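Please read the points below with the structure open beside you.

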Amino acid sequence: MKKYLSTHIVVFLFISTAVLLQSCDKGFEDLNTNPDASGKINPEYVFSKAQIDAARNQAYGTPGTMQYTTTFNEVAGFGSKYIFLQGNAPYVVFNNGYVREINEMGEVIRAIKDDPELINELSAARIWRAYCFHLITDQYGDIPYSEAGAGYTKGIYKPKYDAQEDIYADMLKELEEAALSFDPSKKTFGNSDLLYGGNIDSWKKLSYSLMLRLGMRLTKVDANLAESWVKKAIAGGVITEDADIAAITSYSNGQDINKNPIANSWLSEDYIRANGRDNQEGGKYQKNFIDYLKANKDPRLGVISVVWVENGTGYKADTAFDLQKGMPSNFINKPADFGDYSEPNPNTMLKYEAPMLLVTNAETNLLLAEAAIRGWYTGNASDLFEKGTGAGLRQWSLYGSAGVIDQTKIDQYIAAHPFNESGSFEEKMDQIHTQLWVALFPNSMEAFSNWRRTGYPQLVPNVVPGNVTGGQIFRRMIYPPSEVNLNKEQLDIVIARQGPNTFLTRIWWDVETAK
Amino acid sequence: MKKNEPFGELFYRSLKKTLPIMRNAIILLFVGILQANAIDSYSQKTRLSLNFADTKLVTVLDNIESESDFFFLYNEKLLDTERKVDVTANNELINIILDDLFRDTDVKYTIIDHKIILAPESLTKTSETSKITEQQQIVVKGKVTSNTGESLPGVYVTIKGTTLGVNTDIEGNYSIQVPDDKSTLLFSFIGFAPQEVVVGNQNVINITLSESMLQITEVVVTALGIKREKKALPYSVSEVKGEEFTQAKENNIGTALVGKIAGVNATGLNTGPGGSSRIIIRGNGSLTGANQPLYVVNGMPIDNTTPGGSATTNGGAGNVDRGDGMAGINSDDIESISVLKGGTAAALYGSRAANGVILITTKKGVAQKGIGVEYNSTFTMETPSIFPDWQYEYGQGDLGRKPTTKSEAIGWGRRSWGAKIDGSDYIAADGLIHPYSAQKNNIKNFYQTAKNFTNTIAFNGGSEGLTYRFSLSDLNSSSVLPNSTYNRKTSNLNLNGKFGKFTVQALAQYTLEDAKNRPTAGDATGNPNWTALMIANTADIRWLSPGYDALNNEIPWNDADVATNGYFVVNKFQQKDTRNRFIGQASINYDIMENLSVKGVVSRDFYNYNYKFIVPTGTRYSVNGNYNALKTDVAETNSMVNINYKKDFGKSFNIVAMAGANSRTYEYLENSISGSQFIIPYFYSQTNLNTITPAVNNQKIETNSIFGSVDAGYKGMVYLTFTGRNDWFSTLSPKNNSIFYPSIGGSFLLSQAVELPETISFAKLRASWAQVGGATPDPYAINLTYSMTPSSGIPLQDVSKNSINNNTITNANLKPLTSTTAEFGMDLQFFDSKLRLDLTYYDRKTTNDIVTTAISLASGYNNVILNVGELKNKGIETLIGATLVKAGDFSWNTSYNLAYNKNNVVKLAEGLDQIQMATTVNNYAYINNIVGRPYGTIVGTRIQKDENGNTVYNQATGNPVATGLQVLGNGVAPLTMGLTNNFSYKNFSLDVLIDGKFGNKVFSMMEVYGTRMGLTKLTLPGRENGLELNGVLADGSPYTRTVSKENLRIYYDNFKSYSEVFLHDGSFVKLRQIILTYKIPVNNLSILKIQSASISLVGRNLAILYRKTKNFDPEQSYTNSSNQGFESFGLPRTRSYGLNLMVKF
């Protein structure tokens, strides 16, 4: 009996070992499939994500550099004081842009490019990718472009930097081709398109408006090239109605990603206490901005700005015109009257559900006005200026009831600021682009690019001890240190071509004097 | 080997340890070792319980050897080992048992410490001298005794150079005929140092043989829990007895290993009482994979993960060390810890062995009448021991002046850029007038005295068929950080049974860990240490207490809200975690026949972990608060079956063979939520959040394995070991998911084989080679995936951004890395084994390393996983042990271990010369792996100098130019050492452990900020009249400028751009541990049935004897991740001291 048992156990063991051997990797593939992630892309969902991501990637911007805002705090004062003590402010657009929207757009296009039925989606995707790239190249100059986002698809871990000249050529080509490729009979991204709900006509206008924006960027470096693209853009049809404004809608509650990114970051960084006194990072509107609005009796002032006044038990946001006061940008300690300075209006600027305006009717009309005075467009510069100015006032109604400005006030403002028909070209440029500076607010990234190109508005730099630019306004942002660490060879090439990786090196289209 | 060596004649019965699982008598014999004090001789403190009926004597002796440290010496020809005996003993001393065994025989025994010599009284001298002619004969007589006075029977006395010899009789007497007076007599006896004497004109030669210290039968636990003779091992194994952990306790067993074992680089973290440890054996072996060893309890792997992952190098609030698996092991349950250092030792563990294995054997029960009770109680206190060497010449303020208003005092709360400290009045951040005087005790005032109170009670007993040990332990610790506590309750049950041919063992351990407010390290947010270290030097930190106002909102103390008021963190932040852990094991062994047995084991280590972290309403950097919660279920399950076979071929050759299979499943299921903004202020519930974002991290891994080994021994002189293992991994590409790991090793006992000079009492050579795998990737690393992003609107999908492979490029061709180790070593003993030397050289090469490397973000991803890395570790390990004094009641033993590991990153991915592992807050320094450099190189900037050593200035900024990123030093110490001294005199013993590490660098974030804030002495020049700078511009032209004292802060603030300024040599020597024990004489207390009792004064981390870091402890580590080399506002290092009481009933 004992022996019998022993034999059985031995036999059993051999059999079970053999069975085990045969099935040593059985079921492994199922086991090694992530239960919480899909192996398949939903291009429309990724496209939505890329739209939000690109919008979010401008929230950081340089509102201080464009002298909209400031703070007494050194670290947060990076933009307005040109002090760079710590943090990621000069790098965020690069760091976020590639791993989010650039990679996402690459995946979207990879998924849909071979299906002719999806031509409209592909066209929108190409336009959006150009939009995403222009945000980055305008910040840094030469950037990885042709090899960007190819880590998975091509195994490129150290992408080369393309010359901005080539990047612009390709972005403009993409916009043109994409705008011409739409086919009304085919499907669109539909509701997944947070800008236009899949409306093809609006996408075409956006594409040509971006062409107008990018074409205009080239006026200093290559006026002829600029002219040809601007003309092409106008011929194609740019945004000329409020209804075609490119804006991302947001939600008041739920996930942070769905909130207005500027409101979300400003609130969490500075203004959540809503008393004008305990702003965590010491943020306020800058004196230059508020002074300009006040001097021009701009009805936007009370829409944009409030002063928190003591109100018995608490504080009340007061939009009264006379009360508004911008903070000088050279404070390095909290001033005793900190509470008296203007800051964002919680009912417009700080609303989570406020839309994020990306390309506006105001901008296109003002750029068309410039095209007109350059003789590149037959439209009437004065009319275009008025249209642009009016659109810049009207667009605040998108922020909700607190943003609505009476048409009479708009008309009064327009009447009080007639286009300087008799002025010199530079005077007209000053007028157009100072108006655009106000109209672009809070889109400081575009304002920064437009200022570098045109020199308007005429900003007087702040000089604060410890700044990294010798008291000059930035001409670009600097490449992140991770590139020094991880992509040095390519970075060395670009530094040799473009100049040192500093805030004052001028990028390709920002040549010192117009050609 | 010479045939006439006496060892051939005297069969030395050693522990031919094979597989304990094969031994059929384990259950019948139990040993309780009441090893309370080293002074007692082993035989007087060792009690055995056994029960044999009609059993061969040899079996009984065998089992006494296997279950105790005794070993028997006898001449096999003269002792009838086949005699059947009956013996019953219940917790008896060995002499009682031996009396019983040899009653009515003529066998006499002699006990010399661990040795028991057996010889028949009738033993007489042999007569092999007949070949010598009459006229040549000189008769020499004498007596051989041990150095402790016992007569030695059976000593072999030979004439050197001949085969002629005799044995001593039972009284130790001998008589031998030698050819002439030039003959040399050689006295040999196992366990004693041999002696030679030239006959000369002597007729009587009495010899005293000294006991050899050689622990020739030392048995250690090896892979899969197999006990083997140390002398047979072809590799280096280090064993530490459980006693070493029970007196001067560390809450984490890993931390307790610091300095004890050559080649084991152990570090305890300064993260409070529930913190982790980090152990690296023979260097970091994988570039980005895990580098800590596998932990095994009683032969089966357990989990050592840190739930939610290790603390990062640069995180802010909630960047805490949540404690690793080792934190849950109770040191009082440990019988011994064996460290398998290299691949060769650990090869049977296959893919998990690459980083070595730490084997923990827990205590078992002893069959006895009634219940044996052990009680161990330790109470210790801890205080901060290292204080920064700040400047106390210029006080709080800026621009060279002190604050004049409350608002200014708050704005300058962490700025010591003020006026000369003069004791005058000033307004501080609390709005009150205080003297403008140096406040040097902020650390002492902010932190408290920590208390640790550990109590363990263990019961053991049982009958012949079934024994048990059950222990309960409670550990109660408070941190030096107020309101931070850690409590651990452990229960451990160990059952052993023998039913016929079946042997069963069951182990159950339940641990409940409860931690409150673990300290944050890294960035300033929510980090209480930040306030204590950075508060201006004329401000008393207690002025900031309690840190909140009447509405429970944080009171500001400085200009940056991210630098949270430390008192607010301590009083209002809430952090709580609990871990319920169950480790269960059950095994059945069945003896199929005498030489063949089969064993099955199932084990499961399971825990669930709940963590909650609340940043309260009113926190300045997050006004409406934050909420983070983490829930983790982790299970490591192993099922193993193996067949064991052993066979002796005659007396000189034996083999042990084993074959088995194992299936491992590992599950890590994590659900976390992060929420923000409490809707109703001050109400901290998950239901009360404006935004909640959930995340999941579910990982399942399966590894199936078959393995086998053959051990062969020849005459106790040559041993060979072969092992093989094949693993199949679920996490790898189906194309490459299987890999075979071989190992081979041999040891050769030189002192058995050839005659060595007298000074050498033992010599062994060993060599081994093994290939193992490791660093198998996380699951789901082979396919690109798309995951949903929580969205309140339109669905959003992300690319490769799930929580497991966060934004990492996957790799469809992954295979495991290979770690190939060659090891050579020798064990030498000199001067009657009073001096012992172990030397090991190893060469470990990792190829196909799975490298998760950061890549240019412009690639669209943060990281990529590649199978390309190559890494080398070479090193030597030395262990020197010596008995310096052994005289009467006094003894002094010393042991010194020294290890040097040379690590070299040979290859990263194609075209990659370095990968980034970690950065500090704000990227002030990096830890990179760089080709041609050791693992974990600290990288940063330096101040640019021209060829003449002049500082190069940037004209625009007026600051020195920073170089690009350069190599600054190693983050991991290559040289480690430990020195243990043990003194004993009568009832007193004193243990002193000194250890040190050398050759690494530490980058200090605290000094970066201390300089920016004007606290370091570095910032003193220029305080009075401004600072004149002299140097050159980039073009070589001279440059001078004067920094006004008003601008001094901005100037020194910019020093953060030069990493080298804050980099220091991390070498140290520490007085790690002192234990002074008094063994209470218990004979007078017999009424209380106390068997033994001792009381000890214990101290840990008592002093730093050598260091180069002025402002912090060089061991200021706050993460158990692979990224070592940064100091960043962790909890201060502490010294601990207290009392330990051990009583046995």
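This is a predicted model: local features need pLDDT of at least 70, side-chain atom pairs count only at pLDDT 80 or more; totals for chains, interfaces and linings use all residues.

1. Chain A has 19 helices and nine strands. Its C-alpha trace spans about 115 × 60 × 45 Å along the principal axes. Of its 515 residues, 60% count as buried. Among contacts in chain A between residues at least 6 apart in sequence, 74% join residues at least 24 apart.

2. Next, the interface. On one side 85 residues of chain A take part, in contact with 93 residues of chain B. The area buried between the two chains is about 7200 Å², and carbon and sulfur atoms give 57% of this area. Three residues, Asn32(A), Tyr157(A) and Asn485(A), supply 10% of the area that chain A buries against chain B, more than any other three residues.

3. How many salt bridges are counted between chain A and chain B? The count is one salt bridge. The side chains of Lys49(A) and Asp798(B) meet in a salt bridge, with 3.2 Å from N to O. As for polar contacts, 29 residue pairs are found across the interface of chain A and chain B, with both residues at pLDDT 80 or more.

4. Which helix of chain A gives the most to the side that touches chain B? Helix 5 does, with nine residues. Helix 5 covers residues 92-112, and is one of the helices that each supply at least two residues to this side. Also among them are helix 1 (2-22), helix 3 (43-56) and helix 18 (481-486). By residue type, the side of chain A that touches chain B divides into 35 nonpolar, 32 polar and 18 charged residues.

5. Over all chains, the structure holds 63 aromatic pairs. One of them is Tyr627(B) with Phe678(B), an edge-to-face pair at 6.4 Å centre to centre, with 85 degrees between the planes. Tyr627(B) lies in strand 32 (residues 626-649) and Phe678(B) in strand 33 (residues 653-678) of chain B, so the pair ties together parts that are 51 residues apart in sequence. Both Tyr627(B) and Phe678(B) are buried.

6. Chain A has a cluster of rings joined by ring pairs. Its members are Tyr68(A), Trp266(A), Tyr271(A), Tyr285(A), Phe289(A), Tyr292(A), Trp396(A), Tyr399(A), Trp437(A) and Phe441(A).

7. Pro442(A) sits in the loop between helix 16 (425-440) and helix 17 (444-454) of chain A. The bond from Tyr456(A) to Pro457(A) is cis as well, with omega near 0 degrees. Pro457(A) is placed in the loop between helix 17 and helix 18 of chain A.

8. Ala274(A) is in the loop between helix 10 (261-271) and strand 5 (283-285) of chain A. Tyr780(B) is in the loop between strand 37 (760-774) and strand 38 (786-789) of chain B. Are these residues buried or exposed? Ala274(A) counts as partly exposed, at 31% relative accessibility, whereas Tyr780(B) is buried at 5%.

9. Lys1070(B) is part of strand 56 (residues 1068-1080) of chain B. Its relative accessible area is 3%, so Lys1070(B) counts as buried. Beyond its neighbours within four places in sequence, Lys1070(B) is in contact with residues including Asp995(B), Asp1113(B) and Glu1115(B).

10. Asn903(B) belongs to strand 44 (residues 890-907) of chain B. With a relative accessible area of 9%, Asn903(B) is buried. What does the side chain of Asn903(B) reach? It reaches the backbone oxygen of Asn284(B) at 3.1 Å. The side chain of Asn903(B) also makes a polar contact with the side chain of Asn873(B), at 2.9 Å. Not counting residues up to four places away in sequence, Asn903(B) touches Arg933(B), Pro934(B) and Tyr935(B), among others.

Methods:
Residues are numbered from 1 along each chain as its sequence is written. Chains are lettered from A and ligands numbered from 1 in the order in which they are written. Side-chain values use heavy atoms; hydrogens and water are left out. Contact means heavy atoms within 4.5 Å. Buried area is the accessible area (1.4 Å probe) that two parts lose on being put together, summed over both. A salt bridge is a side-chain nitrogen of Lys or Arg within 4 Å of a carboxyl oxygen of Asp or Glu. A polar contact is a pair of N or O atoms within 3.5 Å; within protein, one must be able to donate a hydrogen and the other to accept it, and residues adjacent in sequence count only if both atoms are side-chain atoms. Helices (H or I, at least four residues) and strands (E, at least two) are DSSP runs, numbered from the N terminus. Ala, Val, Leu, Ile, Met, Phe, Trp, Tyr, Cys and Pro count as nonpolar, Asp, Glu, Lys and Arg as charged, and the others, Gly among them, as polar. Rings of Phe, Tyr and Trp (its six-membered ring) pair if their centres lie within 6.5 Å; planes under 30 degrees apart count as stacked, over 60 as edge-to-face and the rest as tilted. Buried means under 20% relative accessible area, exposed over 50%, partly exposed in between (1.4 Å probe, protein chains only).
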